[in-house]
Structures are given as structure tokens and as C-alpha cells.
Amino acid sequence: MNAYVDVSFFPRAAKPITSYKPYWAKRFGTAPFLPMSRAEMEQLGWDSCDVVLVTGDAYVDHPSFGMAVIGRVLESQGFRVGIISQPDWQSAEAFKALGKPNLFWGVTAGNMDSMINRYTADRKIRSDDAYTPGAEAGRRPDRAAIVYSQRCREAFKDVPIVLGGMEGSLRRIAHYDYWSDKVRRSMVVDAKCDLLLYGNAERALIEIAHRLARREPVERITDVRGTAFIRRPGDPSTEGWFELDSTEVDQPGPVEAHINPYQTTSEQAASQGASCGAQSTTVSIADGALPAVVAGQNGSEKPELDSNTKPLTFVPNPALEAKRKRPPQERTVIRLPSYEQVRSDAVLYAHASRVLHLETNPGNARALVQAHGEGSTARDVWINPPPVPLTTPEMDFIFDLPYARSPHPRYADENGRHDGATKIPAWEMIRFSINIMRGCFGGCTFCSITEHEGRIIQSRSEESIIREIEDVRDKVQGFTGTISDLGGPTANMYRLGCRTPEIEAACRKPSCVYPGICQNLTTNHDPLIKIYRRGRALKGVKKILIGSGLRYDLALESPEYIKELVQHHVGGYLKIAPEHTEAGPLTKMMKPGIGNYDRFKTLFEKFTAEAGKKQFLIPYFIAAHPGTSDEDMMNLAIWLKKNGFRADQVQTFYPSPMASATAMYHTNLNTLKGIHRDERAERVDVVRGEKRRRLHKAFLRYHDPANWPLLREALKAMGRADLIGNGKHHLIPTYQPTVSKCGGKQEKGKYIVIPTMRPDPLNRQPTQPEPGQILTQHTGLPPRVTGSARPGPKKKPR
């Protein structure tokens with residue numbers, strides 16, 4: 001057994017999560033499933049729950065579901081944990097089902113943000129919910145974390161509320177809300193929770209649970225990293241803290257130029273396009289600093305101010321800036337512009353977003369504070385620095401907990417199974433998958449993973465991963481030999497990190513791979529290759545697929561990894577995400593150029609041919625991202641046709657809370673650069689309005705006849721009517737079919753067989769997706785084998 005060396009070099013001073021003395025209720029042992037009813041509690045011998053978790057998802061006891069992880073982690077500390085899943089929020093009665101919690105409520109909207117879960121990128125209500133049995137929609141309210149918190153308070157007023165999960169994590173400060181098109185307050189204020197935990201919260205939650213178990217008042221728990229809470233102005237607990245204005249971290253608005261001490265007043269005025277009035281007199285700066293004195297009406301003297309006279313401006317000496325003594329980092333708090341300011345001022349909103357993203361590295365981040373309200377309603381939302389990342393032994397401990405790896409028995413159908421009418425699509429998707437790491441240092445501006453899980457990669461050991469593969473093989477019902485994924489937020493960041501702890505702790509870059517791969521980043525894929533090979537060699541494991549998104553720019557650093565991946569772990573097609581082909585949107589996304597895709601494609605095809613296989617590379621693209629012009633989308637459509645791609649599903653930019661791209665969308669400013677109020681500010685082309693968003697989506701689906709009228713109109717307006725015609729080099733034809741090739745009538749929004757200008761080598765037949773089905777953008781390709789299919793007769797090829 002090889003010793004594992006943790007390559008995340010963060011200097012960890014945090015208390016190990018396995019070092020706490022277990023709570024007295026540890027004697028009750030481990031529950032097969034965390035109880036969801038009084039009857040289950042009685043079977044376990046419980047008279048009450050120490051912690052009650054409320055979630056908007058169905059309860060699936062699997063390490064890919066947040067509430068299962070939190071529940072099992074608290075159980076391992078000796079606490080009795082119950083779960084209330086998808087309660088009826090119309091009253092507080094459903095929240096009393098397990099009785100009064102002894103310690104606290106744990107509230108979350110679920111694995112997904114409840115608004116993203118319910119609404120499409122076009123703000124239309126979805127017809128299904130992948131986290132609900134039978135994919136039934138409408139089982140959770142909008143802004144579920146707020147609603148659940150209010151009902152918990154109504155049910156048992158004196159029980160502390162600890163809010164967590166993706167929804168709360170990404171709303172910890174004042175944020176732009178896409179669905180109401182306005183800036184909303186921090187969720188700490190709206191939910192009236194006692195504590196909000198952001199990011200992966202195991203470390204913070206364990207500490208909070210033990211402190212509450214010792215009867216420490218929740219209002220005194222203000223020193224835990226990864227938490228946010230309310231403080232009133234003048235709170236005595238803030239004594240000893242040094243407050244910095246956020247403009248000292250990142251200055252918004254115009255910056256006054258330094259005065260040249262060798263210029264005369266006339267020269268200084270001339271450089272600013274003005275004059276001094278008395279041109280015949282040369283006056284030094286020192287003389288000009290004092291205005292002339294004239295007699296006042298009562299005989300007193302008063303200064304006569306020239307309209308061009310300006311007071312002297314004193315600025316810090318840059319040479320002495322490094323020598324200036326700064327307050328200690330651990331006792332420094334940065335004051336962001338208030339909620340009222342960012343709500344009414346786009347520049348200050350962009351500035352606050354930049355400061356928040358600068359303060360995300362646990363090694364150097366400082367606390368943040370943002371005022372909400374004025375006068376008697378004034379309060380501060382205080383946000384402590386991010387949590388310290390978990391060590392590899394801590395990650396192993398969490399993933400080795402006794403998960404049942406299936407939905408709770410109450411969701412079983414009449415045959416006692418979970419893959420029939422009551423199937424939970426999200427569980428079906430990850431049923432045979434293995435999570436090997438957390439975190440992402442990609443920094444894509446449209447994604448919020450970094451803001452939630454952090455940039456530092458937290459990896460499991462090889463032995464822990466292999467044990468879980470064996471558990472899936474031996475214990476999970478329906479396993480047929482295929483592991484559907486071995487990954488995480490990305491497929492290939494396992495055990496990658498900074499070369500030295502000093503650089504990692506000091507770094508404030510938003511991405512380790514943009515605009516190029518950082519010279520301090522390790523890119524050795526050998527540990528991941530070893531796990532792939534060891535996993536596929538296990539008895540009973542026929543194939544291990546990689547379903548997580550691949551960072552192909554990182555993969556290019558290891559051709560051996562690409563070879564292993566392509567020849568042994570691709571189930572017909574491999575998804576990667578160049579997102580666009582044009583520099584305009586790519587620079588706003590912080591994504592590499594399309595040249596990296598071409599290099600990867602060459603290696604993919606080479607290794608595929610060597611293996612004698614027929615496999616496809618599937619690129620994902622985003623429509624309507626900030627910084628994308630109509631010409632950019634037109635060029636992308638031309639690239640798609642040139643390369644023979646036809647997207648069945650189109651991903652439109654979705655402004656999720658806290659993402660940098662969302663700040664661009666709201667402010668029309670490039671928050672990746674300095675924020676100014678004058679012409680120096682870089683304005684961003686933002687795609688708003690239904691018609692323009694439809695146009696950008698239509699360019700991605702240039703082959704769909706339903707989009708041709710809109711595209712013809714747009715191409716003519718853009719002066720590119722040359723792309724309209726019936727030749728192979730044209731983007732869209734001049735004709736408009738009214739009947740599909742199969743004889744059915746064309747219906748708006750339906751999948752139809754379209755007339756092609758050349759034979760389709762894949763013979764794709766698009767079909768209407770079923771409710772709850774997890775789709776790729778290219779569902780017309782051969783379906784991926786997930787290992788969940790029941791054995792049966794082989795279908796004859798069409």
C-alpha cells in the first residue's frame with residue numbers, strides 16, 4: 001500500500017474533524033437511513049433529534065447529495081440527526097414532524113439553487129425536477145432556503161437556524177437576482193437565520209454542533225471560518241478588529257493623477273486643458289496654493305477663489321507603501337459598499353464583486369462586512385474568511401461513512417425498487433459514479449463552483465476511491481459492471497495544486513489556467529492514470545467511464561493521460577467545453593482559445609484510431625454570454641457547420657448569483673479589469689431581451705428550420721446575406737420547409753427530422769426527451785452506457 005502525499009500545500013492549522021470527543025448519543029449507533037418519521041425514530045430508540053435537517057431534495061443516502069453527507073458527518077460525531085425532505089411549506093405543521101430539535105435546525109434548498117432548479121435560463125417554469133421521485137415538479141417553493149427558515153422559526157421559535165447549501169452559499173452578500181431583475185439583500189437578512197455556512201461546510205458544522213452541544217449561545221459563535229451572520233453597529237464583539245474600506249483593496253471610479261512637482265501652475269493647467277487667467281505671471285505651485293486676499297464687506301479679509309484654483313492633493317508615496325505597517329490579516333475586516341449603495345450604483349456593485357472574488361483564498365482572505373438598512377434597521381452582514389480545505393484523510397473519512405447509496409425506502413415503488421415510476425433522475429445519473437475530489441481552479445466566470453467549493457483541490461486517497469468502486473460493485477442494486485463516472489467538478493484536477501505552500505497561501509489570481517497555465521501549477525496526471533488503470537482491472541468492473549467535464553487544456557500537458565482516457569474510458573462520446581470560438585466572449589469567460597480544442601481533437605482522433613474504435617468528441621457552447629456579439633455567434637455557427645456539429649440541446653447563459661459573469665450582465669462592466677466611471681471602463685456587450693437571446697440560440701441550432709426565418713432576417717441586417725443559399729458553403733437555405741421529411745407537421749419547439757444538404761454519417765434520429773431525463777447537448781448520438789440498464793434482449797439496429 002503506497003503512502004499518499006497530500007499535494008494541496010495549504011498550511012492547515014484547523015482542528016481535524018475526527019479529533020472531537022463524540023457526543024453522548026453516539027451509543028445509539030448508526031442508522032441504516034437517517035429517520036424521516038417518528039416511527040423510524042422509535043425503531044432506533046430515539047426520543048428526540050439533536051439536529052433536524054430540512055431539504056428541498058428527496059433524501060438519497062449517497063455522498064453526492066449534500067444533506068446525506070451532512071447528516072452522516074453529524075451522526076459520526078454522535079448526534080441524532082433526522083431529515084425532513086420536501087415538506088409542505090404552506091404551514092409549519094410539516095416542520096414539526098420529528099419534534100423539536102435539541103440543538104439546531106439545518107436548512108438547505110437542496111443540491112441545486114431552487115430558482116435554477118425551477119426556472120429555465122429564459123425564466124420559464126420547468127416541467128420536471130430531477131431531485132424528486134418521478135421527476136415531479138413543484139415540490140419545493142421559490143427561494144426555498146428563505147421559506148424553510150421562516151417555517152422552522154414558526155415551528156420552534158427558540159431553536160437556532162443554521163442555513164447552508166448552494167443557495168445560501170451564493171447569496172451570502174447583496175447579489176443580483178436574475179429572476180426579479182434587481183439586487184436583493186444577503187440571504188442572512190432575508191432568511192433571518194442565526195448562521196449561514198458557505199462552501200463545503202463539514203468543518204464549520206462539526207465545530208458549531210459541538211459548541212451548541214456545550215450550551216454556548218449561538219450569538220457568540222462568531223469566529224468560525226466559512227460562516228456569515230448579523231451584527232448590529234457598535235457590537236462589543238467587534239472590538240480589536242481593524243476595518244479597511246474596500247476601496248483600499250480595489251479602487252472604483254476615476255483616480256486622480258499624481259501632481260508633477262516640477263510643473264508650474266500654468267503648465268499643470270495646460271496639461272488639463274485649462275489656463276491660469278493671468279498668463280503674464282509665472283506662479284509656483286507653492287504660491288498658487290494660497291489664494292489672493294481681498295477685503296470683505298465688514299472690513300474682514302476673505303480669500304478670493306479663482307475658478308481654476310484647486311486645493312493641493314496629497315497622495316501616499318508608492319515607494320513607502322510596502323513599508324507601511326498593515327493590521328494583522330486575521331483581525332482585519334473589509335467594509336464593502338452597503339446594500340443600498342450596490343442596489344443603486346452599478347459601479348459599486350461591480351467593485352464589490354471584484355473585492356469578494358479577491359478575498360476567496362483561505363490563505364490570505366480577510367473577513368468582509370456589508371451594511372444593510374439605515375437608522376434603527378441598520379445591521380451588518382459579517383462574512384468570515386473561507387473554510388480551511390479538508391485534508392486527504394478528512395476527505396477519506398467523509399466518503400467512507402456508511403451511506404446506504406440509495407434513496408430512502410419511502411420512495412420505493414410497489415416492487416420495492418427505485419428505478420421504476422418513483423425513480424429519482426438525479427440519483428439515477430450518479431448511481432454508479434464515484435466522486436474523487438472537490439474544488440476547481442478553472443475560474444470560469446459563468447460558473448459558481450469556485451465561489452462555493454474554492455480553488456484548492458481536495459483529493460481523496462487512491463485506497464478510498466478503490467474501496468468505493470468495490471462497494472458499488474458489491475452492494476448497489478442493478479450494477480452491471482460499468483462505473484458511470486470517476487470525477488468531480490472537473491474530471492482531471494485530481495491531486496493538482498500549487499508547487500509551494502508559500503505561493504499558494506499568497507496567490508490572489510482568480511484562475512490557475514487563464515490566460516495560460518500558471519508556471520507554479522503542478523500538472524502531473526500520473527496519480528489519476530494509476531487510479532483509472534487500477535479501477536478497470538478490478539474483478540467485476542467491465543468499464544469505467546469519465547462523465548465529468550474535462551479540462552482539455554490541462555490534459556494537453558499529459559498525452560499519456562489522453563491516451564488512457566480515449567482508449568479505455570470513453571463510452572462512444574466525450575464531452576468537453578470550449579464554450580465558444582471567438583476571443584470576445586472567451587476573454588469574458590476566462591476560457592482558453594479554440595486552438596487548444598484543435599490540439600486536443602488531433603490527439604483524441606489519433607488515439608481513437610489506434611484503438612480501432614469509433615468515438616466522437618462533443619463540444620459544449622454557451623449562447624448569449626456577456627461579451628458576445630451577434631457576429632461572434634454567427635462565426636460560431638459557421639465553425640459548427642464547417643466541423644459538422646448539430647447541437648440538439650443549447651445552453652444559454654444563466655446569470656447565477658455571485659458569478660463574475662453575472663456581475664457583468666448586471667452592470668455592463670468587465671469586472672475582470674479595473675472599474676472606473678469614465679471612458680477607461682471596459683463596457684461589455686450584454687445580450688438582453690427575448691428576441692436577441694433567441695437569435696443567439698438560433699445560431700447554435702442553425703440547422704433547425706424553425707430558426708431559419710430569424711437567422712435570415714439577422715444575416716441580412718448584419719450585411720451577411722452571402723451566407724443564405726442552397727450550397728454547401730452557405731449557413732442556411734433560402735427555402736422554408738413546411739412538412740418534415742417523415743411526413744409529420746412541423747411544430748414549434750418540437751424535435752423534427754430536418755432536410756440535410758448531405759447524408760448524415762451518424763444517421764441521427766432526434767426524439768422528444770422524457771420528463772426528468774438528463775440530456776446532453778447532442779442526444780442524437782449513441783446513448784452513453786451508465787451500467788443501470790436491466791439485462792434484456794438486444795435491439796436490432798435501425
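Leaving aside residues up to four places away in sequence, Ser169 touches Tyr198, Gly199, Glu451, His452 and Met658, a contact being heavy atoms within 4.5 Å. Ser169 sits in helix H5 (residues 165-169); helices here are DSSP runs of H or I with at least four residues, strands are runs of E with at least two, and both are numbered from the N terminus. With a relative accessibility of 0%, Ser169 counts as buried, where buried means under 20% relative accessible area, exposed over 50% and partly exposed in between (1.4 Å probe, protein chains only). The side chain of Ser169 also reaches the backbone nitrogen of Gly199 at 3.0 Å; a polar contact is a pair of N or O atoms within 3.5 Å, and within protein one must be able to donate a hydrogen and the other to accept it, while residues adjacent in sequence count only if both atoms are side-chain atoms.

A word on the ground rules: the model is predicted, with local features needing pLDDT of at least 70 and side-chain atom pairs counting only at pLDDT 80 or more, whereas totals for chains, interfaces and linings use all residues. Residues are numbered from 1 along each chain as its sequence is written, and side-chain values use heavy atoms, with hydrogens and water left out.

Overall, the protein has 26 helices and 25 strands. Of its 798 residues, 54% count as buried. Among contacts with a separation of 6 or more, 75% are between residues 24 or more positions apart.

Next come the holes. Rolling a probe the size of a water molecule over the atoms shows where empty space is left. On a 1 Å grid over the protein atoms alone, a cavity is a set of points where a 1.4 Å probe fits but cannot get out, and lining residues have an atom within 4 Å of a point. Grid points are joined across faces, edges and corners, and the volume is the space filled by probe spheres set on the points. Five cavities of 30 Å³ or more turn up this way.

The largest cavity has a volume of about 100 Å³. Its lining is made up of Ile173, Ala174, His175, Val342, Tyr349, Ala352, Ser353, Leu356, Gln370, Met658, Ala659 and Ala663. Helix H12 (residues 346-358) supplies the largest share, four residues. By class, nine lining residues are nonpolar, three polar and none charged; Ala, Val, Leu, Ile, Met, Phe, Trp, Tyr, Cys and Pro count as nonpolar, Asp, Glu, Lys and Arg as charged, and the others, Gly among them, as polar. Met658 in this lining is also one of the residues touched by Ser169.

Tyr349, another lining residue, is ten residues from Tyr339 in sequence and 9.0 Å from it in space, C-alpha to C-alpha. Tyr339 lies in helix H11 (residues 339-344) and is buried, with a relative accessible area of 10%. Beyond four places in sequence, the residues that Tyr339 touches include Ala174 and Gln370, and both of these line the largest cavity.

The second largest cavity has a volume of about 70 Å³, and Asn117, Arg118, Arg126, Asp128, Asp129, Ala137, Gly138, Arg139 and Arg140 line it. Here the lining has one nonpolar, two polar and six charged residues.

On to the helices. Eleven of the twelve residues of H7 are buried, so this helix is largely enclosed by the rest of the structure.

Finally, the backbone. Most residues other than glycine have a negative phi, and most peptide bonds are trans. Arg143, in the loop between helix H3 (114-118) and helix H4 (144-155), has a positive phi near 50°, but at 17% relative accessibility it counts as buried. A cis peptide bond joins Tyr514 and Pro515, with omega about 5°; Pro515 is found in the loop between helix H17 (501-506) and helix H18 (526-536).

Conventions. On a 1 Å grid over the protein atoms alone, a cavity is a set of points where a 1.4 Å probe fits but cannot get out, and a pocket is an open set with protein on both sides within 12 Å along at least five of seven lines; lining residues have an atom within 4 Å of a point.
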